[in-house]
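Okay, thanks for coming, everyone.

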Amino acid sequence: MKIISAKVIVTCPGRNLVTLKIMTDEGVHGLGDATLNGREKAVVAYLEDHVIPCLIGRDPHRIEDIWQYLYKGAYWRRGPVTMTAIAAVDTALWDIQGKALGVPVYQLLGGRSRDDVMVYGHANGTDIDDTVKAVQHYVELGYKAVRVQSGIPGLKGAYGIGRGTMSYEPAERGKVPEFEWSSEKYLNFAPQLFERVRREVGPDVHLLHDVHHRLTPIEAARLGKELEPYHLFWMEDPVPAESQESFRWIRRHTTTPIAVGEIFSSIHDCQQLIEEQLIDYVRATVVHAGGITHLRRIAHLAELHHVRTGCHGATDLSPVCMAAALHFDLSVHNFGIQEYLPHNDDTDRVFPHAYTFSDGAMHPGDAPGLGVDIDEALAAQFPYRRAYLPVNRKLDGTMHAW
């Protein structure tokens, strides 16, 4: 079997999604997600101008060799654009391998380590009352785990609060959006939020919270300590992770579990965090961390140090990536939880898929390969629309760290 062609498909059925389709001489094709939210066209150019010409004529079964070639063969390594492009190729090759052998990808990864994959949804509200109702709605839908986010008194808006009951899209079309931020107001408010939510839903529902890299290490330590009575499943992205040693300060002061990593692009971004056990969950995902091949390396390192996985899974990932994540989740031994936000109806029609949700958990299905396809004619009806992720400023107008 040989790769004879590949193309990049850009579509916007509600939000921009980039898909790589690799074709072989035996009529088997594979799909890989190549979406980098807010910088989609950068990955498109990298794939079309630099990667695809290097794939033609290669054996698609040589997944590891092709991964090493694309990673080590380029002088400029890593970074989100490069690793997203590599991930798209890698995921498409796993898809081809599964289809060629007639088995779902998780069987190629060693088979099932569990029956299904526990997922969490996003409960958002403008205030505490609104947020409590949103959490209760997810519990009624069967979710065992819910991420809790609320508007903050005294701030006009807060990044991370979804615009709908089950949706979340931070990118804005047109001009770059800006949000104001006050760590002081947030730190005073967050414990009140979780005291009320825990009181309302009881002890058995897993509660998660995303800080969105907003705090300094000592502020994050304070937050984690004050949230300890409410037994969070995790506190996500408490500080920017460029300085991995910052997490030592948080660890010294709180037992609230810590998750980080949705913007990680390689194992080097989290090596110290994992080896020093400074985090409990690594949130790197298939599309931004070099594909299934590289994400497995991260998971294997994490397993040695009692760190579990918790892959990013918002709708800035296409159904192709969601399927890949579920195959990975089902197979990996140290799985923790999977983020899940349903795509809109248009996206589901563009990307018909075999994965399913039931009673707070998901399964990738048993279709050969990833179990996802793309309707190219329908995708063409949703052209690309430029959109930007928001910028955050403190109340005094200065730029925030993230």
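This is a predicted model: local features need pLDDT of at least 70, side-chain atom pairs count only at pLDDT 80 or more; totals for chains, interfaces and linings use all residues.

Is His231 buried or exposed? His231 has 62% relative accessibility, and because the cut-off for exposed is over 50%, it counts as exposed. You'll find His231 in the loop between helix H7, residues 217-227, and strand S9, residues 234-236. There's something else to see in its backbone: phi of His231 is positive, near 50°, and this residue is not a glycine.

Gln277 is another non-glycine residue with a positive phi, about 55°. Look for Gln277 in the loop that runs between helix H9 (271-275) and strand S11 (281-282). With a relative accessible area of 37%, Gln277 is partly exposed.

Okay, zoom out. The protein chain is built with 13 helices and 17 strands. If you draw its C-alpha trace along the principal axes, you get a span of about 60 × 45 × 45 Å. How does the radius of gyration fit a compact globule? For 402 residues you'd expect a value near 21 Å, and the chain comes in at 20 Å, so the two agree.

How much of the chain is tucked away, then? Of those 402 residues, 59% count as buried.

Now, the inside. Which residues touch the most other members of the largest nonpolar core? That core has 120 residues, and the answer is Ile22, Val89 and Phe247. Helix H3, residues 80-101, gives the largest share of this core, with 9 residues. There's also a second, separate core of 8 residues, and among them are Ala145, Leu208, Phe233 and Ile337.

Skipping residues up to four places away in sequence, its contacts include Ile3, Val28, Leu55, Val89, Ala92, Leu93 and Ile96.

Ile337 from that second core turns up again when we go to Thr309, which lies in strand S12, residues 308-309. Thr309 counts as buried, because its relative accessibility is 2%. Beyond its neighbours within four places, Thr309 is in contact with several residues, including Tyr281, Val282, Phe328, Phe335 and Ile337.

Last stop is helix H6, residues 183-201, where we find Gln192. Glu195 is in helix H6 as well. Gln192 is partly exposed at 46% relative accessible area, and Glu195 is partly exposed at 32%. From Gln192 to Ile128, 64 residues apart along the chain, the C-alpha atoms are separated by 8.5 Å. From Glu195 to Gly174, 21 residues apart along the chain, the C-alpha separation is 38 Å.

That's the tour, so let's open it up for discussion.

How values were computed: Residues are numbered from 1 along each chain as its sequence is written. Side-chain values use heavy atoms; hydrogens and water are left out. Helices (H or I, at least four residues) and strands (E, at least two) are DSSP runs, numbered from the N terminus. The radius of gyration is taken over C-alpha atoms; the globule rule is 2.2 Å times the number of residues to the power 0.38. Buried means under 20% relative accessible area, exposed over 50%, partly exposed in between (1.4 Å probe, protein chains only). A nonpolar core is a set of buried Ala, Val, Leu, Ile, Met, Phe, Trp, Tyr and Cys residues joined through side-chain atoms within 4.5 Å. Contact means heavy atoms within 4.5 Å.
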